[in-house]
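Here's a quick walk through one protein model, with an eye on its aromatic rings. Have a look at the fold before reading on.

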Amino acid sequence: LTKMQPSGRHYVVVRPLFSEDSFAEQHERINRTRKTLRHHLKDYFTCDTNRAKNAARSLLPIIGWIKNYNIKEWLLGDIVSGISTGLVAVLQGLAFSLLASLPPGYGLYTAFFPAIIYFFLGTSRHLSVGAFPILSLMVGAVVTRLVPDGGPPANITGFEGLSMEQQRVLVASSVTFVMGAFQLIMGMLQVGFIVMYLSETLVSGFTTAAAVHILVSQLRFVLGLDFPGVNGPLAIVYVISYAFNFEKRFNVVVVGEMVDGAVEAFPMAIVGFAVAFSVAKVYSVKHDYTIDGNQELLAFGVSNMFGASFRSFAASTALSRTAIQESTGGKTQIAGVLSAMMVLIVIVAVGFLLEPLPRSVLGALVIVNLKGMLMQFRELPFLWKNDRTDFVTWVVTFVASLFLGLDLGLAVGLGAELFTVVCRTQFPRCSLLANITGTDIYRDRKDYNSVSADLNFPSSRTVLFNQGASANFQVAVSLFLFSRCLEVRQPSTDTSEDNNSMEGLDQPIDFSGIPIQVNWNTELPANISVPPVNIHSLVLDFSAVSFLDISALKGLKATLKEFLRIEVDVYIVSCDVYIMEKLHQCSFFDDEIKTSIFYPTLHDAMLHILENHSERQYNCVRNRRL
């Protein structure tokens, strides 16, 4: 009988002590029929009226929000927001074209065509779609590599008879189309979760390095300097080298031309989506609506492919422009469409008024927009003080992006971040747990004084292994096992052999196939030296283990048998039901390893151990006192 009684801020639960076996006996589990891959595919491709409506709402989110549009409350705000954002979009489009090494007018195309498509396909109500400085710089890297300022362009079909400006526009639109294709494919494959692997720390280091690149690239426009744009690995050092003319003035030997064969469109697709999704998520939380990462990939993919067909370059969002659209009263993407209409008016009617505008003004506008990204340097003291691992990720991403280029820098930063995850998994925090007096709660015994005298299990030779957030139980078990390995030395009667074979003493001895059974409580012969093992039980908490592969199953089974050979009982607690099913399917259990070692909670296992070893513990304590 299980009884639960609430009493103020206390709760009282009276129930039997359960193992997984006894729990299964008293509470029968419903056997559910799970769908196979064939059934999932059949359901996916089966079409009816409801599925067609849901698919239309999913692919065209405008259907969902336009019918609920509140004209009286939202329209005026959207109009004001659209006009304000449109004016900013015009200036930013002109300015960010310089980063892409294109004539300023093409930035207006980027502010118009992708925004129209996103109006129908996007799920964010506040995102301002258009040119983004980092993406523009990445496009410029491809443009200047294939069509350099000085020297012949790359040997590409379709360049014949085109001016340098036309060649650059063709390169920019082509790489934008490929970028959109990557985003569209990822959206169709439902891999919007990929943005989870780009942490805020990585994005911060990457965007800060990009801001430095942008700052250096715009100095030639602001200061009126005349030197060609350079991109790729060590580009920022080579710009500096060109400005100071190290080769001629100081006889410094330079590397010369380098060929880069990286596929730039894919990192552009990732960066563009990651930035846009991160900004959209902030405003969706603020205004209480949901966004769909996979649909955002589809929206940006189609937007960029459509825009590239009209000679625009890579589009995402600019943080400042989106902030203006939201802060001036924008409620829906109608503000975005009105912003695009403002850009269209400039393109077809009043664009000639901007022709006398000096490029130095546009360069200054770009630099002003870098303030937020450059101020991210202030995060470093906080990261150093609170999380050294994130500090390393930030610095590695920044340095790599600064000196190797944005595409390679992003790859290096992502590799560094994954490496830190692996390190944290392989070297988890391990601690000995003790019971907090009067509760079923267990904490690190070094952190608390209020541990139970009766359930202070480490003193009663029971070890609780806590791995923190790590799911790699093999590491924890192996650390414990290997620190208590058996050492055996056989006495030799041939002293000459000892003198000639000293180097063999440190070699491990192979015990495979030898059924060793050791009684740790008896005196051992003089020729066998073993460290004292003062435990009788080991509890493994599997609450953090989400999956097991075949290698892990084999390792776990071998480890459990090693403990059983030295008469140490092993218990596993809080194991997921589906992991238990997999253990049964893979024939994990046998005559030695039984289901009785599994317990639903840590407290159940500890009470069972206390009950089984209470007499032995009493005798041990009595002997110590005597």
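Is Phe-113 buried or exposed? Phe-113 is buried, with a relative accessible area of 16%; buried means under 20%, exposed over 50% and partly exposed in between, using a 1.4 Å probe and protein chains only.

A word on ground rules: this is a predicted model, where local features need pLDDT of at least 70, side-chain atom pairs count only at pLDDT 80 or more, and totals for chains, interfaces and linings use all residues. Residues are numbered from 1 along each chain as its sequence is written, and side-chain values use heavy atoms, with hydrogens and water left out.

Back to the rings. Rings of Phe, Tyr and Trp (its six-membered ring) pair if their centres lie within 6.5 Å, with planes under 30 degrees apart called stacked, over 60 edge-to-face and the rest tilted. That gives 20 aromatic pairs, including Trp-65 with Phe-119, which is edge-to-face at 5.9 Å and 85°. Both Trp-65 and Phe-119 are buried. Phe-112 and Phe-113 are edge-to-face too, as their planes meet at 75° with centres 4.9 Å apart. Phe-112 is buried, at 11% relative accessible area. Ring pairs also tie Tyr-106, Tyr-109, Phe-112, Phe-113, Phe-306 and Phe-310 into a cluster.

Some rings have a charge sitting over them, meaning NZ of Lys or CZ of Arg is within 6 Å of the ring centre and within 35 degrees of the ring normal:

| Charge | Ring | Distance to ring centre |
|---|---|---|
| Arg-125 | Tyr-289 | 4.5 Å |
| Arg-388 | Trp-384 | 3.7 Å |

Across the protein, buried residues make up 41% of the 626 residues.
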